Amino acid sequence: MKTYTNLLLSISLLAAACQSGARNPQKEADQKTSAKTETVQDTLHKNAAEAKTILARKEVPVLCYHQIRDWKASDSKRAHDDIIPPANFKQHMKMLADSGYHTILPDQLYDYLNYGKALPAKPIMITFDDTDLDQYTVGAGELKKYGFKGVFFIMTVSIGRPRYMSKAQIKELSDDGHVIASHTWNHKNFAQFTDQDWKIQIDEPTKTLEKITGKKVEYFAYPYGVFKAASLHKLKEHGFKAAFILSTKRDETYPLFTIRRIIDPGTYSAKNLYNSIQKSFNKKS
Ligand SMILES: [Zn+2]
């Protein structure tokens with residue numbers, strides 16, 4: 001692109017020099033128009049190539065956690081996917097550390113996907129959804145043992161409620177180097193957003209979290225992992241750099257807004273998790 005622009009500039013200068021004796025304003029105007037048209041086409045082409053490049057890069061494993069607590073008799077079997085007993089969570093973090101994984105944060109993943117910037121060996125991202133208090137009391141402490149950092153996708157309506165994190169706890173996580181990100185106001189399905197929801201579910205939670213942390217909120221996780229392709233460009237317009245889904249297929253136009261994550265279910269052994277990471281993220285795209 002740069003080479004092409006330089007070439008175009010040289011040609012224009014050459015043309016200008018040749019015409020210095022007899023200027024032809026119409027011809028100059030035509031040349032300018034044609035250069036402008038080609039630049040727009042180039043830009044469109046470049047954007048398409050970027051999505052392709054991003055999709056071609058090796059995916060970084062991203063794990064998703066919800067509640068970290070022992071199961072209760074009242075929990076449904078389905079809920080066991082989203083509830084990991086603390087003993088299992090501890091074993092899984094230890095397995096990641098013993099296997100040589102290094103946690104990375106969204107800015108690193110963004111720079112890698114967008115610009116090809118290098119990542120540490122065996123990169124992995126650990127994310128937590130829904131603001132549950134045990135992510136602070138159990139989760140963050142376990143991460144600390146191994147120098148791991150995580151991403152907390154906060155549903156702002158729950159802040160300060162019983163069994164959820166408080167503002168002070170969220171601020172502490174942020175100050176410790178974890179990333180605080182958005183997970184809407186009240187977990188409304190992104191695919192069902194109305195115009196008003198862009199304010200309620202997106203802009204206001206961003207403001208709330210930025211006020212708590214004093215840092216910019218630039219990453220988003222879709223409730224239930226559900227997105228709507230036609231609305232992805234809007235997240236970019238509302239200030240987000242990237243967004244996370246679950247283990248479904250990425251969008252071919254907006255891969256940065258459909259970064260895949262896998263749930264580490266409470267039923268998994270550490271070995272199951274290790275195998276699941278290899279299976280989901282180590283295949284060629
Ligand atoms: Zn959620």
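Among contacts in the protein chain between residues at least 6 apart in sequence, those joining residues at least 24 apart account for 63%. The model is predicted, and its secondary structure comprises nine helices and eight strands. Of the 285 residues in the protein chain, 31% are buried.

The largest nonpolar core contains 51 residues. Within this core, the residues with the most contacts are Phe152, Ile180, Ala181, Tyr219 and Ala243. When residues up to four places away in sequence are left out, Phe152 touches Ile180 and Ala181, together with Phe128, Gln135, Leu173 and His178.

Helix packing was examined for H3 and H5. The axes of helix H3 (residues 86–98) and helix H5 (residues 133–145) come within 10 Å of each other and cross at roughly 25 degrees. Because this angle is under 35 degrees, H3 is roughly parallel to H5. The crossing of the two helices is right-handed. On the H3 side, the contact is formed by Pro86, Phe89, Lys90 and Met93, which meet Val138, Glu142 and Leu143 of H5. The residues of this contact comprise five nonpolar and two charged, with no polar residue.

Two residues other than glycine were found with positive phi values. Threonine 184, with phi near 70 degrees, lies in the loop that runs between strand E5 (179–182) and helix H7 (197–213). Threonine 184 counts as buried because 24 C-beta neighbours lie inside 10 Å, the cut-off being 20 or more. Tyrosine 224 has phi near 60 degrees and is located in the loop between strand E6 (219–221) and helix H8 (232–237). With 14 other C-beta atoms within 10 Å, tyrosine 224 is partly exposed.

A further loop, between strand E7 (242–244) and strand E8 (262–263), contains threonine 258. Threonine 258 has 22 other C-beta atoms within 10 Å and is therefore buried. Its contacts, not counting residues up to four places away in sequence, are with Phe227, Ala243, Ile245, Arg250 and Asp251. Of these, Ala243 is also one of the residues with the most contacts inside the largest nonpolar core. Threonine 258 and leucine 246 are separated by 12 residues in sequence, and the C-alpha to C-alpha distance between them is 8.5 Å.

Definitions and conventions: Residues are numbered from 1 along each chain as its sequence is written. This is a predicted model: local features need pLDDT of at least 70, side-chain atom pairs count only at pLDDT 80 or more; totals for chains, interfaces and linings use all residues. Axes are lines fitted to C-alpha atoms, for helices over the stretch in contact, and angles run from 0 to 180 degrees between N-to-C directions. Helices (H or I, at least four residues) and strands (E, at least two) are DSSP runs, numbered from the N terminus. Angles under 35 degrees count as roughly parallel, over 145 as roughly antiparallel, 65 to 115 as roughly perpendicular and the rest as oblique. A crossing is left-handed if the near helix is turned anticlockwise from the far one by less than a right angle, and right-handed if clockwise. Two residues are in contact if their C-beta atoms, placed from the backbone, lie within 7 Å. Ala, Val, Leu, Ile, Met, Phe, Trp, Tyr, Cys and Pro count as nonpolar, Asp, Glu, Lys and Arg as charged, and the others, Gly among them, as polar. A nonpolar core is a set of buried Ala, Val, Leu, Ile, Met, Phe, Trp, Tyr and Cys residues joined through C-beta atoms within 7 Å. A residue is buried if 20 or more other C-beta atoms lie within 10 Å of its own, exposed if 12 or fewer, and partly exposed in between; C-beta atoms are placed from the backbone.
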